[in-house]
Amino acid sequence: MRRLHRRQPHRRARALAAWTTAALAAALLAAPAHQAGAATPGSGVLDADHKSVTWQSPTYPSGTVDDPKKCPAPADDPDGKTCDRFDLKVSVPNGYWSDNPEGGVPVSIEWAKQPKDDFDMYVYDDAGKQVASSAGTADPEATVIPRADGTYHVVVVPYDVHDNSFVGKAYLPETTDAGNLTSFKGDDGSYTVAAGDLKAKADFLKGGGLRLQADPSGDFSDPAGSQIVRKQPAADTRTTSFDAGAYYGIRSAGAVLRVYKKPLRFGLYKADDKTRIWQEDRPLRWSTGGMRQSLERGADEQFFGGGEQNGSFSHRDKTVYVANNTDWNEGGYPNSQPFYLSSAGYGVYRNTFAPGVYDFGPSVHTGQQERRLDAYYFVGDAKRVIGAYTGLVGKPFMPPVYGLEPGDADCYLHNANQGERHTLDSLKIADGYVDNQLPLGWMLVNDGYGCGYENLAETAKGLQDHGAELGLWTQDGIDKLAEQVKAGQRVAKLDVAWVGNGYGMALDACDKAKAGIEDNSDARGFVWMPVSWAGAQRCAVLWSGDQKLSWDFIRWQIPTYAGATMSGIAYNTGDIGSIYSHDAKMYARDLQAKTFLPAVMTMDGWAKDITTGKKINQQPWVDGEPYTSINRKYLQLRERLMPYLYTLAKQASDTGVGGVRPLWLEYPKDANTLDAQAKYEYLAGDDFLVAPVYKDSDTRDGIYLPKGTWTDYWTGKQYKGPTTIDGYHAPIDTLPLFVKSGAIVPMWPKGTTSWKNRDKGQLGYDVYASEPGHNAYTLYEDDGVTRKFKEGASATQRVTVDTGKHGSVINVGASKGSYAGKASERAYTFTVHGAAAPDRVTLDGRALSATSWSYDEKTGVTTVRTPSLSTSRAFELRLG
C-alpha cells in the first residue's frame with residue numbers, strides 16, 4: 001500500500017535566525033542519562049548560562065515504529081526502548097531571534113554507526129503542536145525550532161535501525177557583525193575586500209550579473225560545486241573602480257556596486273550611481289552556523305519566489321522558509337528554492353544546498369544555514385530576472401506532449417487495498433478512459449510502497465495501444481531504470497523515501513532519472529518528484545505531495561502554482577482531488593481549477609468517500625452523471641488546447657517563464673493584482689484568466705480583471721477592465737474563465753482525446769477581436785516525443801490579426817521548418833469573437849461560399865472553415 005510520505009530532514013541542520021547581542025561563550029550542559037525505571041524523559045536547558053546541550057540515546061537492536069503517533073506514552077516506555085524522548089527548555093530575551101541568521105534553535109541527531117539507518121526526529125511545543133521535524137535518511141538528521149522560546153519535546157523514532165544509537169545536540173547560535181573595511185583591491189571584473197576577519201569577493205558577469213561571496217574564514221568555497229550551476233557564466237572584465245569617499249564604487253556597463261567603508265556594507269545601483277537597486281542597511285552578520293544579508297525595503301517593494309510556497313505567491317511582510325519539508329498543506333514548503341525576486345528590479349540566488357529563512361519585513365533579512373554568503377544577483381524586470389536565474393541553474397525542460405495530457409496512478413500488483421490484481425489490470429482502467437472519451441497520456445502502474453510490477457513490456461505495449469505511455473514509481477532508487485525504459489517505461493516518478501532530504505540528493509536523483517530515460521530511448525525524460533531544490537526545473541515536474549481534500553485544499557493551491565512560476569518552476573502541480581479523500585463536487589471543482597496547469601494527475605486507489613467513509617477510486621468517471629460529463633468537458637477542453645499549452649511549454653524552455661502566472665507578472669503596475677481576491681486566480685499564458693470556484697457555492701465573487709477587454713469564455717459577454725465581478729453565476733459545470741482581447745489561440749478539433757489519434761489535417765484558431773489593433777501569435781510544433789527538436793526538427797507558424805472599422809484581417813504564415821510526421825496540408829477553422837457580423841469573408845481575395853462561414857448573433861462569433869491548404873504557403877482571410 002502506498003504510504004504517506006514522511007517528513008524530510010533539513011540538510012546539515014542548523015537554525016534560521018540569530019540574536020543581536022554580543023557573542024557569548026559556549027558551555028555544555030550534559031543531559032541526564034536514561035535510567036531504568038525512570039518515566040521522565042531526559043531534559044536540558046538553553047539560556048544565558050547554557051549555550052548547548054547533548055544527550056545520548058539508548059541502543060536499538062532493530063527498528064521499532066514508523067510514526068511518532070505509534071510511540072507509547074513515556075510512562076509506558078520508561079527506558080525509551082520504543083521511542084527516544086528529550087525535553088528541551090529554551091529561555092531567551094525578547095527580540096533574540098529578530099535578526100539572527102539561523103532563526104531558531106538547531107537540533108540534530110547523529111548516528112553512532114550504520115549511516116544508512118533511519119532515525120526520524122519530531123519536535124513538539126508544550127501544547128502538543130508539531131513545530132519541526134527531520135524524517136529522512138540523512139546523517140545527521142537535523143532541523144530548526146523556529147524562534148524557539150519555551151518548552152519543547154523531541155521525539156525520535158527508530159524507524160529502520162540495526163544495533164544503533166545516536167547523540168542528540170541543540171545549541172543557541174552566536175552572532176558576529178562585519179566591521180570597518182580594511183582592504184579593497186582588484187580589477188578586470190573581480191574585486192576582493194576585507195573587514196577584519198571577514199573576506200568578500202565581487203565578480204561581475206556578462207549579461208549584467210554579479211556574484212558576491214563572503215566568508216569569515218576567508219575561504220571562498222563552493223559546497224554546491226557544479227551540481228546546481230552546471231557552468232559558471234563568463235566574466236565581465238570591462239569594469240572600473242573609483243573612490244567616492246564613504247565608499248568605493250565598481251562600475252560595470254549597467255550598474256555600480258558600492259562598497260561602503262565604515263562599516264563594510266554593499267549596495268547595487270543603476271549606472272547613474274544614484275538610483276538604488278538594493279542597499280544593505282546593516283553589515284553582513286554570521287552566527288555559529290549561518291549568515292544573513294540585511295537590505296533596505298522600498299516603500300512599495302514587493303517580493304516573490306522562494307520556490308513552491310504552499311498558499312502564497314507574494315511575500316511582503318512575510319517570513320518565507322527556504323528549506324524542504326513534507327508538510328503538503330498550506331504553509332508547507334516542500335519544493336523550496338533559495339531565490340527571490342523584487343519589484344525593485346532585481347533577483348538573487350543563494351548558491352547553496354543549505355536551508356534558509358527570508359524575512360521580507362521593513363528590514364529585509366535573508367539568512368542561510370551556513371557561515372558564508374554566495375549570492376548571484378540579476379537585474380531587470382521580473383521576466384528577465386527569471387530568465388537569467390534559470391539560465392544559471394537550468395531552463396525548464398521541454399516535456400513530451402503526452403506529459404501534458406492527464407496521468408493516472410495506482411498500485412496494481414497484489415494491492416491489498418484493491419484486492420488481488422495484476423499489472424496488466426491497469427489496461428482495464430485505460431479501457432475506461434477510452435470508453436468514457438477521456439484523454440489519458442500516461443499511467444503509473446506500481447504507485448505504492450512495496451508495489452512491484454510484472455509483464456512490463458506487455459503492459460507498456462497495451463498502454464501505447466490506448467494512446468498512453470507507461471510510468472513507474474520508485475521508492476528505493478533508479479538502478480533498474482535502464483532495463484525498464486528498454487521495456488517501454490517513459491515516465492519516472494521519484495519519492496522522498498530515497499531522494500533523501502530534498503537538497504543535493506534529490507537534485508542528483510532528478511538529473512539521473514531524466515538521463516536514464518534519455519540514455520536508453522529516443523524519448524524525452526519525463527520525471528515527477530516531490531521535495532526538490534534549485535535546478536529541479538530542468539529535469540522534473542514538481543509535485544506538491546499527499547493532501548487531503550477540502551475546499552481549502554482547492555483554494556490555497558491556486559497561488560501556490562502561480563507563485564512557483566516566479567522561481568522559474570514551470571511545472572508545479574498536485575493530485576486532482578487530492579489522494580486520501582473523495583467528494584464528487586470537490587473533485588470536479590479541483591479538476592476545473594487544474595485544467596490549465598502544465599501537468600495533471602489523478603491518484604487512484606487510496607481515497608475514501610468523504611461522506612460514507614467507504615473506499616472509492618478517483619478516475620474522472622467514478623461519480624457517474626452529471627460529474628462524468630463535467631469532467632469530460634474540461635479534460636477534452638484541455639486536450640483541444642494542447643497546441644497552446646505545448647507552445648507555452650516551449651516558451652518556458654526558452655525563457656524560463658512558465659505558463660501559469662500570477663496576475664502581477666503581466667500587470668506589475670496594477671496594485672490590485674496583489675490583493676486578496678486576485679490571489680485566488682491565475683493567468684494561463686497572457687491570454688486566459690482562470691478564477692476557480694473554491695467554495696461550496698454556485699457563485700464566485702471578487703473576480704478581478706485587469707486592464708483590457710475580457711470575454712467570458714462560455715457566454716461571450718465582454719467586460720472592460722480594470723473591474724471586479726461579484727456574483728458570477730458558476731454552477732457545478734462552469735469554471736469562471738475569461739479571454740483577453742487580442743488572443744489568438746490554436747486548438748485541436750472538438751472531441752480530440754489523444755495526441756496520437758488527433759486529426760493532423762485539422763487545426764483551429766480561436767481569435768478574440770473585440771478591440772481595434774494588431775495582434776500576433778506564433779505556434780510551435782514538433783514531433784512531440786523525441787529529442788530531435790534540439791537539432792532543429794520543429795516548425796513555427798505565425799498568425800497576425802488586424803482589426804479595424806471594416807472588420808478583421810487574419811494573415812496565416814507558412815509553417816516554417818520540418819519534423820517527422822508534419823502535416824503537408826490542413827484545413828483551418830477560425831472562430832472570431834467580438835467582431836460585427838461580416839457581409840462577406842474572403843480567402844486570398846476570393847469570396848468563400850456561404851456554407852463555409854456563419855455568424856452566431858447570440859455569442860457574436862463568426863466561424864470560418866477553409867478548405868485543406870498547404871502548410872508551406874501563407875494565406876489571408878478577410879472578414880468585413
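**Helix pair α7 and α8**

I looked up helix α7 (residues 551-564) and helix α8 (residues 584-594), whose axes come within 10 Å and cross at roughly 10°. The model is predicted: local features need pLDDT of at least 70, side-chain atom pairs count only at pLDDT 80 or more, and totals for chains, interfaces and linings use all residues. Residues are numbered from 1 along each chain as its sequence is written, and side-chain values use heavy atoms, with hydrogens and water left out. I took helices (H or I, at least four residues) and strands (E, at least two) as DSSP runs, numbered from the N terminus. Axes are lines fitted to C-alpha atoms, for helices over the stretch in contact, and angles run from 0 to 180 degrees between N-to-C directions.

I recorded α7 and α8 as roughly parallel to each other; angles under 35 degrees count as roughly parallel, over 145 as roughly antiparallel, 65 to 115 as roughly perpendicular and the rest as oblique. For contact (heavy atoms within 4.5 Å), I found Trp-551, Phe-553, Ile-554, Gln-557 and Tyr-561 of α7 meeting Lys-585, Met-586, Arg-589, Asp-590, Ala-593 and Lys-594 of α8. The residues of this contact of α7 with α8 comprise six nonpolar, one polar and four charged. Here Ala, Val, Leu, Ile, Met, Phe, Trp, Tyr, Cys and Pro count as nonpolar, Asp, Glu, Lys and Arg as charged, and the others, Gly among them, as polar.

**Helix pair α2 and α3**

I next examined helix α2 (residues 426-435) and helix α3 (residues 456-465), which pack at an angle of about 5° with their axes 10 Å apart. They are therefore roughly parallel to each other. Ser-426, Leu-427 and Ala-430 in α2 meet Thr-459, Gly-462 and Leu-463 in α3.

**Helix pair α9 and α10**

Helix α9 (residues 627-640) and α10 pack at about 60°, with their axes 5 Å apart. That makes α9 oblique to α10. I listed Arg-638, Glu-639 and Arg-640 of α9 against Met-642, Pro-643 and Leu-645 of α10. The residues of the contact of α9 with α10 are three nonpolar, no polar and three charged.

**Cavities**

I searched the whole structure and recorded seven cavities of 30 Å³ or more. On a 1 Å grid over the protein atoms alone, a cavity is a set of points where a 1.4 Å probe fits but cannot get out, and lining residues have an atom within 4 Å of a point. Grid points are joined across faces, edges and corners, and a volume is the space filled by probe spheres set on the points. The second largest cavity holds about 100 Å³ of space. Of its 13 lining residues, Pro-598, Leu-645, Leu-648, Ala-649 and Gly-659 are the closest to its centre. Helix α10 (residues 642-655) gives the most to the lining of the second largest cavity, with four residues. I noted that this lining divides into eleven nonpolar, two polar and no charged residues.

**Backbone entries**

I found a cis peptide bond between Lys-262 and Pro-263, with omega about -10°. Pro-263 lies in the loop between β20 (255-260) and β21 (265-270). I found a cis peptide bond between Glu-625 and Pro-626, with omega about 5°; Pro-626 is in the loop between β43 (615-616) and α9.

Note on methods
1 Å grid on protein atoms, 1.4 Å probe; cavity = no way out; pocket = protein on both sides within 12 Å on 5 of 7 lines; lining within 4 Å.
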